[in-house]
Amino acid sequence: MTPAIEVRQVYKRFGALHALHGIDLEINTGEFFALLGPNGAGKTTLINIIAGLTLASSGSARVKGHDVVAEYREARRMLGVVPQELVFDPFFTVRETLLFQSGYYGIKKNNGWIDEIIHHLDLADKADTNMRSLSGGMKRRVLVAQALVHKPPVIILDEPTAGVDVELRQALWRFIKQLNRNGHTIVLTTHYLEEAEALCNRVAMLKNGSIVVLESVRNLISNISGHRIRLRLSPDTLPTALQLLAISHDQGYHVLAIEECCQLENVMAALRAAQTQILELQILQPDLEEVFVKIMHSAENLKPVSV
Amino acid sequence: MNGFLTLLYKELLRFWKVGFQTVFAPMLSTLLYLLIFSHMLEERVQAYPGVTYTVFLIPGLVIMAMLQNAFANSSSSLIQSIVSGNHIFMLLSPLSYQEIFTAYVLASVVRGLAVGLGIYLITLGFFEIPLYSFAWVFVFALMGTALLGALGIIAGIWAEKFEHLSALQNFIILPLTFLSGVFYTISSLPPFWRGLSYLNPFFYMVDGFRYGFFRTSDVSPYLSLGALAACFLAVSWLTLQMLKTGYKIRR
């Protein structure tokens with residue numbers, strides 16, 4: 001099957017700055033994909049190249065098999081982009097904005113679908129309000145609506161929840177999950193790693209313009225070695241033998257790092273020898289955040305991983 | 001509506017929503033020019049035989065207002081979009097660069113014609129203005145506003161901030177229009193300045209436009225039309241190249 005997005009050997013230079021350094025990426029239809037990376041890693045540049053907002057210095061990108069430069073009309077019909085910045089045209093109302101946006105795609109009578117998006121994004125009260133007078137959260141919703149007017153099979157969201165309150169964030173994700181269930185391919189960048197972990201099946205991590213990791217979320221987390229255990233002890237002192245493993249001690253909880261689960265035996269033995277009683281014990285699973293931090297710190301020594 | 005018509009309609013609605021500022025304000029300022037200059041010079045100057053200075057001045061002021069507003073329309077629309085970032089909605093869509101070009105130029109033409117027609121109709125209530133050939137008048141109005149509309153696209157994309165744009169407007173567009181023979185015929189100028197005027201494309205717009213009213217002009221209207229057509233082709237080619245390669249807007 002044609003991939004939803006296919007990026008081949010994309011390089012982008014801004015003068016002396018290498019924003020993207022040979023990106024290869026394939027995102028399949030129906031995926032919920034996250035693009036992660038620190039600020040300046042090249043996430044937005046990559047998105048802009050896929051969207052045709054920026055021309056790559058070399059390499060190619062395709063959306064649903066259509067080259068974003070040579071077949072830009074088809075490629076752009078397949079793609080909806082929610083930009084990171086809160087941009088809007090201050091001359092028009094929400095409904096006008098959405099009608100113009102569908103008109104750009106040559107869609108004639110789109111009022112039914114526009115009403116539906118307006119309803120789903122809870123914009124009904126504001127439909128005839130000028131864009132200028134909307135709050136930031138409302139503007140964000142309009143950006144999402146604008147990306148959806150032409151029912152694109154592939155939707156890219158560039159940090160859609162930055163600066164958005166919890167309620168809207170959850171409503172937004174519910175809606176986007178619904179779209180994904182209906183068969184839309186979703187690509188998002190986010191700084192909230194728990195979001196990526198909860199929503200996405202696969203992630204790419206970018207650093208300095210290169211993909212350092214391309215993995216399913218599950219593999220990524222299970223591949224990371226090392227566990228943490230959290231203990232509450234009586235008396236509340238860690239035996240000397242275990243001091244080396246200690247990471248933190250906070251509000252009566254000791255957190256220890258162990259490499260393998262079998263090390264747990266030694267911890268127990270040391271505690272027994274010190275006649276310390278275990279009041280509570282938890283094994284903490286590594287989460288995406290931990291993986292992310294680890295990889296970003298060691299990316300210099302890491303070869304790109306592919307699936 | 002297809003994409004092109006949507007963009008055109010949006011551009012028309014954009015200036016019409018603020019029509020007080022984009023259509024009526026320039027009409028007022030032009031009428032003020034007319035009031036003052038005609039009061040001062042009516043008795044002293046006669047540009048063409050048998051034509052009072054005020055009547056001579058009217059077509060010049062009409063086309064000057066049309067040109068300035070055509071330029072202002074595309075340039076201010078684009079720079080506002082680009083500075084605020086909302087131009088990406090147009091760039092994300094399947095609109096071709098030719099469609100974008102044509103929509104912006106046509107919107108400029110419409111605003112220019114609206115302003116010009118308004119001024120003309122008002123002055124018609126007070127003065128008897130001959131109209132030799134509507135066709136010539138219309139052709140020069142169309143060519144002039146289209147050329148300035150295209151120049152406005154270049155300026156709107158090139159300018160990085162409003163300062164750049166107002167510099168272009170005040171140091172290039174304004175002097176070239178003022179020195180194009182709006183207020184005088186260039187035959188009244190010393191040879192050096194007359195020669196220089198032939199290099200000013202705005203001169204051909206004004207001279208040809210005025211020919212349509214009075215059947216008198218400094219150069220043949222065909223020469224003016226040719227010069228304008230050449231300018232329009234060159235500027236359009238450059239504008240289309242900029243849009244095609246994504247100069248500045250698809251960095």
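Let's start where the two chains meet: 24 residues of chain A are in contact with 22 residues of chain B, contact meaning that C-beta atoms placed from the backbone lie within 7 Å. On the chain A side, α2 (72-77) and α3 (94-104) each supply at least two of the touching residues; helices here are DSSP runs of H or I with at least four residues, strands are E runs of at least two, and both are numbered from the N terminus. That side of chain A divides into twelve nonpolar, six polar and six charged residues, where Ala, Val, Leu, Ile, Met, Phe, Trp, Tyr, Cys and Pro count as nonpolar, Asp, Glu, Lys and Arg as charged, and the others, Gly among them, as polar.

A word on the model itself. This is a predicted model, in which local features need pLDDT of at least 70 and side-chain atom pairs count only at pLDDT 80 or more, while totals for chains, interfaces and linings use all residues. Residues are numbered from 1 along each chain as its sequence is written, and chains are lettered from A and ligands numbered from 1 in the order in which they are written.

Chain A is assigned domain 1 (5-221) and domain 2 (227-285), with bounds from an automatic or database domain assignment. Their C-alpha centres lie 44 Å apart.

Now go to strand β1 (residues 5-14) of chain A. Eight bridges join β1(A) to the antiparallel strand β2 (residues 17-27); strands pair if DSSP finds at least two bridges between them. Here A:K12 stands opposite A:L20. The two strands form a hairpin with two residues between them, and A:G15 in the turn has a positive phi of about 60°. Five bridges also join β1(A) to β4 (residues 58-63) of chain A, again antiparallel, with A:R8 opposite A:S60.

Further along chain A, an open antiparallel sheet of four strands has the order β12-β13-β11-β14. Its edge strands are β12 (246-250) and β14 (277-284), each pairing on one side only. Inside the sheet, β11 (residues 227-234) and β13 (residues 253-258) of chain A share six bridges in the antiparallel sense, and A:L231 has A:H254 as its bridge partner. Helix α9 (residues 263-273) of chain A lies across β11, β13 and β14, running at about 140° to β13(A); axes are lines fitted to C-alpha atoms, for helices over the stretch in contact, and angles run from 0 to 180 degrees between N-to-C directions.
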